[in-house]
Amino acid sequence: MSSTTEHVCCPECQEFVSDDSDTHIQSYQEHAKFTSDAKGLHHFCRNMFHRRDMPDPNSMSSYEKTVLESIRNWEITKGKRALLCGVTYDKQKYKLKGTSYDVISMRELLISRFRFPRRSIRILAEMDSYPHPTKRNIQEALRWLVKDNQPGDSLVFYFSGHGLRQPDFFDDEIDGFDETICPLDFSTAGMIVDNEINDTIVRPLKSGVKLHAIIDACHSGTILDLPHVYSTKKNAWIDNRPPSGVFKGTSGGHAISISACEDDQLASDTSAFSESGKQMEGAMTYTFRKALWENTNTKVTYASLLASMQRDIQAAKKKCFNLRGLFHRERLQEPLLSSSKEFDVNEPFVL
């Protein structure tokens with residue numbers, strides 16, 4: 001754990017949410033117990049920390065309204081569908097340099113390796129030809145991803161950007177924290193919390209539908225709030241169901257998440273894997289793509305995918321690469337697999 005604690009100011013309550021769990025988790029859990037015992041107070045606390053509802057549409061510019069409407073009108077493709085989000089946070093002090101590259105490289109992987117039709121892949125990124133990954137746009141795009149899902153559909157949600165945590169006041173989290181992803185405008189519009197992500201793209205999945213979320217962000221371990229986490233050390237699934245007993249599963253479908261790190265860890269944006277030594281990209285995204293491209297003629301399973309990613313990360317650690325994580329802290333972690341239900345990790349990995 002770094003001796004330096006980084007903070008992000010919550011735009012709603014103007015309090016600081018720390019990512020140093022060792023320092024604050026006990027006090028947050030005590031606060032959570034207090035608020036759950038006080039009738040009605042937990043509703044206030046949920047609203048205080050990043051309202052789930054979209055901001056007032058009257059506050060949007062005409063351009064923002066046009067972009068949002070265009071997302072609502074995206075074609076609902078059958079079979080395969082993907083949403084790729086890359087957030088650079090341009091002109092901000094916590095800017096990331098590799099996320100746009102990550103998104104384009106993931107699109108090529110889906111098209112060439114998994115035969116996704118180009119028109120079935122939608123991108124939110126800070127590039128002129130794409131809608132920007134603001135909170136409103138990401139929320140609307142997530143709804144598009146699962147809209148009218150049908151048996152046989154294969155859905156993919158990819159996110160490359162910052163992730164943070166905030167205290168959980170509902171006993172939904174074993175560690176006392178909700179995980180979040182940070183849209184481009186998170187400093188003013190707020191973060192998108194794991195509870196909302198679960199409600200939006202996990203709960204609606206119908207029987208016969210499979211969703212893969214690939215999340216390259218800090219604190220992303222259980223960002224979909226899925227009830228089962230796979231331990232590569234124990235070769236077994238671990239119960240991650242919320243202590244509150246609230247249902248976090250699907251409507252019969254299957255949701256799987258591969259995250260860059262555990263909930264209390266930081267991910268990395270690095271040029272260490274680049275042949276030129278200059279191209280920045282997410283360490284998790286690189287190892288994920290590499291594992292799949294190197295095995296185009298052999299069966300890749302979930303277990304072999306994780307093992308390949310872990311080997312590349314361990315090799316990088318041994319070479320002492322300079323890997324810069326959130327707010328420029330050096331971190332390199334191994335991926336985490338979670339799922340809405342237990343399954344055999346020796347099954348073929350197919351998108």
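These are my notebook entries on a few things I looked up in this structure.

**Ground rules**

I am working with a predicted model, where local features need pLDDT of at least 70, side-chain atom pairs count only at pLDDT 80 or more, and totals for chains, interfaces and linings use all residues. Residues are numbered from 1 along each chain as its sequence is written, and side-chain values use heavy atoms, with hydrogens and water left out.

**Entry: strand β12**

I started with β12, residues 254–259. Helices (H or I, at least four residues) and strands (E, at least two) are DSSP runs, numbered from the N terminus. Is β12 buried or exposed? Six of its six residues are buried, so the strand is largely enclosed by the rest of the structure. For the record, buried means under 20% relative accessible area, exposed over 50%, and partly exposed in between, with a 1.4 Å probe and protein chains only.

In a regular strand the side chains alternate between the two faces of the sheet. I therefore checked the faces of β12 separately: His254, Ile256 and Ile258 are buried on one side, and Ala255, Ser257 and Ser259 are buried on the other.

Next came the partners; two strands pair if DSSP finds at least two bridges between them. β9 and β12 run parallel over six bridges, and Ala213 has Ser257 in β12 as its bridge partner. With β16 the pairing of β12 is antiparallel, over four bridges. There I found Ile258 opposite Leu337.

**Entry: Ser220**

I then looked at Ser220, which is in the loop between β9 (210–216) and β10. Ser220 counts as buried, at 2% relative accessibility. What does Ser220 touch, leaving aside its neighbours within four places in sequence? I get Ile215, Ser259, Ala260, Cys261, Glu262 and Asp263, where contact means heavy atoms within 4.5 Å. Ser259 in that list is also one of the buried residues of β12.

**Entry: the largest pocket**

The volume of the largest pocket comes to about 630 Å³. Of its 27 lining residues, the closest to the centre are Val229, Glu262, Asp263, Asp264 and Leu336. Glu262 and Asp263 also turned up among the contacts of Ser220.

Which elements give two or more residues to the lining? They are α1 (21–37), β10 (228–231), β11 (236–239), α9 (302–318) and β16 (336–339). β10 gives the most, with three residues. By class I have nine nonpolar, nine polar and nine charged residues in the lining.

My terms here: on a 1 Å grid over the protein atoms alone, a pocket is an open set of points with protein on both sides within 12 Å along at least five of seven lines, and lining residues have an atom within 4 Å of a point. Grid points are joined across faces, edges and corners, and the volume is the space filled by probe spheres set on the points. For the classes, Ala, Val, Leu, Ile, Met, Phe, Trp, Tyr, Cys and Pro count as nonpolar, Asp, Glu, Lys and Arg as charged, and the others, Gly among them, as polar.

**Entry: β3, β4 and the cysteines**

β3 (80–86) and β4 (121–125) pair in the parallel sense over five bridges. Four of the five residues of β4 are buried. Cys85 sits opposite Leu124 in β4, and Cys85 itself is buried at 0% relative accessible area.

How many disulfides are there? Zero, by the rule that a disulfide is a pair of cysteine sulfur atoms within 2.5 Å. Cys182 is in none, as its nearest cysteine sulfur, that of Cys218, is 8.9 Å away. Cys182 is buried too, with a relative accessible area of 0%.

**Entry: the β6-β7-β8 sheet**

Three strands form an open antiparallel sheet in the order β6-β7-β8. β6 (163–167) and β8 (192–193) are at the edges with a single partner strand each, so one side of each has no neighbour in the sheet. β7 (177–181) and β8 pair over two bridges, and Thr180 stands opposite Val193.

**Entry: positive phi**

Most residues other than glycine have a negative phi. I noted two residues with a positive phi.

- Tyr89 has a phi of about 60°, lies in the loop between β3 and α4 (99–114), and is buried at 0% relative accessibility.
- Asp171 also has a phi of about 60°, lies in the loop between β6 and β7, and is partly exposed at 43% relative accessibility.

Terms used. 1 Å grid on protein atoms, 1.4 Å probe; cavity = no way out; pocket = protein on both sides within 12 Å on 5 of 7 lines; lining within 4 Å.
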